[in-house]
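Student: I would like to learn how to read a protein structure one feature at a time. Please start with a single residue.

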Amino acid sequence: MVFPELDRKDGRRTDTMVLALVIGVVWGAVASFAGRWAVEGLAGTYDVRAVVSEWNSKTTEGQNGPHTTYDVLAITEDGRAIEVPTRDAFGLADPVVARLSSMTDRVLSVRGADRVVEAHHPWEKIAAMSLGLAFLVLAAVVLVKVARPGVARKSPPFLAGLAFAAFVVLTPVGFGGTAYREAADPVPNFWELRRDLGGPPPVFARGQTAVSGEAAVRVLDSRSGPPDGAEAWLSGFHVLTLRIEASRLGGTPLELSADAHGEPERVKDCAGAPGAFDGTAGLVCFVVPPGYRPEYLLVGELEREVLLRLR
């Protein structure tokens with residue numbers, strides 16, 4: 001014997017429980033994302049020095065045109081691998097300082113010699129989290145209306161959906177993984193490759209004047225650490241500061257030789273330090289990788305490149 005009325009009641013009960021489950025999943029996902037984002041912004045942070053050791057990109061065609069994804073890993077000062085969400089802002093062997101949340105070990109920002117990449121609060125994330133918080137309020141109103149009759153019956157599927165979403169979003173095995181990875185490739189030694197391709201350039205002894213074309217450069221002094229008066233962020237890096245004098249330098253590039261630890265990067269105007277190089281004399285600053293030992297100052301490029309010993 002069939003009882004249509006009972007079948008309809010069972011169907012409505014099933015639909016209600018499924019709806020409560022879906023609301024729990026959606027509410028839990030939004031609440032977990034927004035909550036984690038808020039905690040990361042309010043909790044303490046810590047900085048780690050690192051050097052980019054892997055840089056890969058993949059471009060795929062989508063409905064809105066080509067889309068490029070990036071996979072960038074760096075080796076930290078203590079030898080751990082860390083994922084840095086910087087897209088193409090930094091290149092292989094670049095030294096960086098990553099700021100991580102002390103609560104979640106996720107990267108909040110990454111700074112290099114000439115730029116900083118915000119991974120936590122760029123405008124698009126602020127907009128997304130604001131919409132998410134508004135959606136939470138709306139979902140809460142709907143939940144109250146749905147759960148008002150028969151709360152005890154509807155709360156288990158809602159709580160199950162909430163717990164499932166929170167598990168996926170917050171746990172390290174889900175979307176909540178930290179920035180640390182098991183391993184990364186060693187930092188490439190571009191100095192060896194450069195020497196293989198370019199051959200041995202002229203070398204000037206320490207204290208001499210290096211001449212490249214019409215440009216002439218002499219290093220008067222070198223020391224570790226940022227110069228006095230530089231912006232505070234520079235102190236987060238290992239820094240080598242040179243005091244130089246030059247003539248007819250023009251656009252002739254100045255670089256430090258790389259090594260197996262990575263490639264130093266020049267800091268524009270020594271991050272605002274008084275006495276920065278003005279084209280004829282002053283301070284030139286480089287952020288250098290952990291463990292780096294300076295060997296040469298490179299003056300010029302290609303067939304005009306010369307080396308000036310620093311040690």
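Tutor: Gly236 counts as partly exposed, because its relative accessibility is 26%. The scale is this: buried means under 20% relative accessible area, exposed means over 50%, and partly exposed lies in between, using a 1.4 Å probe and protein chains only. The model is a predicted one, in which local features need pLDDT of at least 70 and side-chain atom pairs count only at pLDDT 80 or more, while totals for chains, interfaces and linings use all residues. Residues are numbered from 1 along each chain as its sequence is written, and side-chain values use heavy atoms, with hydrogens and water left out.

Student: Where is the place of Gly236, and which residues does Gly236 touch?

Tutor: Gly236 sits in the loop between β10 (215-224) and β11 (238-247). Strands here are DSSP runs of E with at least two residues, helices are runs of H or I with at least four, and both are numbered from the N terminus. Leaving out residues up to four places away in sequence, Gly236 touches Arg49 and Val97, where contact means heavy atoms within 4.5 Å.

Student: How do I read a sheet, and what is the order of strands in the open sheet of four?

Tutor: Strands of a sheet pair through backbone hydrogen bonds, either parallel or antiparallel. The rule applied here is that two strands pair if DSSP finds at least two bridges between them. The open sheet of four strands has the order β8-β16-β15-β12, with mixed pairing. Its edge strands are β8 (203-204) and β12, each of which pairs on one side only.

Student: Which of these strands run parallel, and how many bridges join them?

Tutor: β8 and β16 run parallel and are joined by two bridges; Val203 stands opposite Leu307 in β16. β15 and β16 (residues 306-309) run antiparallel, with four bridges, and Val299 has Val306 as its bridge partner in β16. β12 (residues 254-256) and β15 also run antiparallel, joined by three bridges, and Glu255 is partnered by Leu298 in β15.

Student: Are the faces of β15 covered or open?

Tutor: In a regular strand the side chains alternate between the two faces of the sheet. In β15 (residues 296-299) both faces are covered: Tyr296 and Leu298 are buried on one side, and Leu297 and Val299 are buried on the other.

Student: What lies between β15 and β16?

Tutor: Glu305 is in that loop. It is called buried because its relative accessible area is 6%. The side chains of Glu305 and Arg194 are joined by a polar contact of 2.5 Å; the term stands for a pair of N or O atoms within 3.5 Å, where within protein one must be able to donate a hydrogen and the other to accept it, and residues adjacent in sequence count only if both atoms are side-chain atoms. Beyond four places in sequence, Glu305 touches residues including Arg195, Pro201, Pro202 and Gly300. Gly300 takes a positive phi near 90 degrees in the hairpin of β15 and β16, which has six residues between the strands.

Student: Which residues other than glycine have a positive phi?

Tutor: Most residues other than glycine have a negative phi. Arg248 has a positive phi near 50 degrees, and Ala271 has one of about 55 degrees. Arg248 is in the loop between β11 and β12, and counts as exposed because its relative accessibility is 66%. Ala271 is in the loop between β13 (265-267) and β14 (281-288), and is buried, with a relative accessible area of 5%.

Student: How many residues has the largest nonpolar core?

Tutor: A nonpolar core is a set of buried Ala, Val, Leu, Ile, Met, Phe, Trp, Tyr and Cys residues joined through side-chain atoms within 4.5 Å. The largest has 22 residues, and those with the most contacts inside it are Val217, Leu242, Ile244, Leu256 and Leu297. β10, β11, β12, β14, β15 and β16 each supply at least two of its residues, and the largest share, four residues, comes from β11. Apart from it lies another core of 17 residues, among them Ala74, Ala89, Phe90 and Val107.
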